[in-house]
Amino acid sequence: MMDHDELEQLLREAEQSSGNEELLMPIIERLERRAAEQGTPEHWYACAYAWYLHPRRIERQSWSARVDDRLMRALSAQPEHFLALLYLGHNSYDRGDYRAAREYFAKARNNAPKDYIGLKSYEMVVCCDVM
């Protein structure tokens, strides 16, 4: 079983490897296995976030769809999962679907923590309104 610290470490490694597919894919594969085994919202979010960091995610629609799928799995278990809502918004925004992005950002804003990452949901609602 992967504990919270190990999951956080893998996410840091994914962030550091985000420009390098060769380094990122083994991390994604490990997160995919763990998410399938454990099925917690945090594991599905971590898996989706690693896919989100993939340098060719926008080019390959199936990879962008994997981000959405993994985030929706997190939301099915925890409907108010802030980071899942936030990254569904980011993924939609990156594809140019500003209406869907705004909806996800607005839902995230309702559950936003009182820190920097929480402010991102407010900022992105405004960005969608401008588009």
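The following legends describe close-up views of a predicted model.

**View 1. The largest pocket and its lining.** The largest pocket of the predicted model has a volume of about 250 Å³. Its lining is made up of 13 residues, and those nearest the pocket centre are E8, L11, E15, Y45 and L83. Helix 1 (4-16), helix 3 (41-52) and helix 5 (82-94) are the elements that each contribute two or more residues to this lining. Helix 1 provides the largest share, with 6 residues. Sorted by class, the lining comprises 8 nonpolar, 4 charged and 1 polar residues.

**View 2. L83 at the largest pocket.** L83 belongs to helix 5 and is among the residues nearest the centre of the largest pocket. The residue is classed as partly exposed because its relative accessible area is 25%, a value that falls between the 20% limit for buried and the 50% limit for exposed residues. When residues up to four places away in sequence are not counted, L83 touches Y45 and I117. Of these two partners, Y45 also lies nearest the pocket centre, together with E8, L11, E15 and L83. A65 stands 18 residues from L83 along the chain, and the C-alpha atoms of the two are separated by 17 Å.

View 3. The buried set consists of P41, H43, W44, Y45, A46, C47, A48, Y49, A50, W51 and Y52. The elements that cover these buried residues include helix 1, helix 2, helix 4 (61-77) and helix 5. The end C-alpha atoms of helix 3 are 16 Å apart, which agrees with the span of 16 Å that should follow for 12 residues at 1.5 Å a residue. Helix 3 is also one of the elements giving two or more residues to the lining of the largest pocket.

View 4. S17 is placed in the loop between helix 1 and helix 2 (21-38). With a relative accessible area of 9%, S17 is buried, because the class requires a value under 20%. The side chain of S17 reaches back to the backbone oxygen of E13 at a distance of 2.9 Å. Beyond its neighbours within four places in sequence, S17 is in contact with L23, L24 and I27.

**View 5. P55 in the loop between helix 3 and helix 4.** The loop that joins helix 3 and helix 4 holds P55. P55 counts as partly exposed because its relative accessibility is 41%. Contacts of P55, leaving aside neighbours within four places in sequence, are made with S18, G19, E21 and L24.

**View 6. S92 in helix 5.** S92 is a residue of helix 5. It counts as buried because its relative accessibility is 2%. The side chain of S92 reaches the backbone oxygen of L88 at 2.9 Å. Apart from neighbours within four places in sequence, the residues in contact with S92 are D97, A100, A101 and Y104.

How values were computed. Residues are numbered from 1 along each chain as its sequence is written. This is a predicted model: local features need pLDDT of at least 70, side-chain atom pairs count only at pLDDT 80 or more; totals for chains, interfaces and linings use all residues. Side-chain values use heavy atoms; hydrogens and water are left out. On a 1 Å grid over the protein atoms alone, a cavity is a set of points where a 1.4 Å probe fits but cannot get out, and a pocket is an open set with protein on both sides within 12 Å along at least five of seven lines; lining residues have an atom within 4 Å of a point. Grid points are joined across faces, edges and corners, and a volume is the space filled by probe spheres set on the points. Helices (H or I, at least four residues) and strands (E, at least two) are DSSP runs, numbered from the N terminus. Ala, Val, Leu, Ile, Met, Phe, Trp, Tyr, Cys and Pro count as nonpolar, Asp, Glu, Lys and Arg as charged, and the others, Gly among them, as polar. Buried means under 20% relative accessible area, exposed over 50%, partly exposed in between (1.4 Å probe, protein chains only). A polar contact is a pair of N or O atoms within 3.5 Å; within protein, one must be able to donate a hydrogen and the other to accept it, and residues adjacent in sequence count only if both atoms are side-chain atoms. Contact means heavy atoms within 4.5 Å. The expected span of a helix is 1.5 Å times one less than its number of residues.
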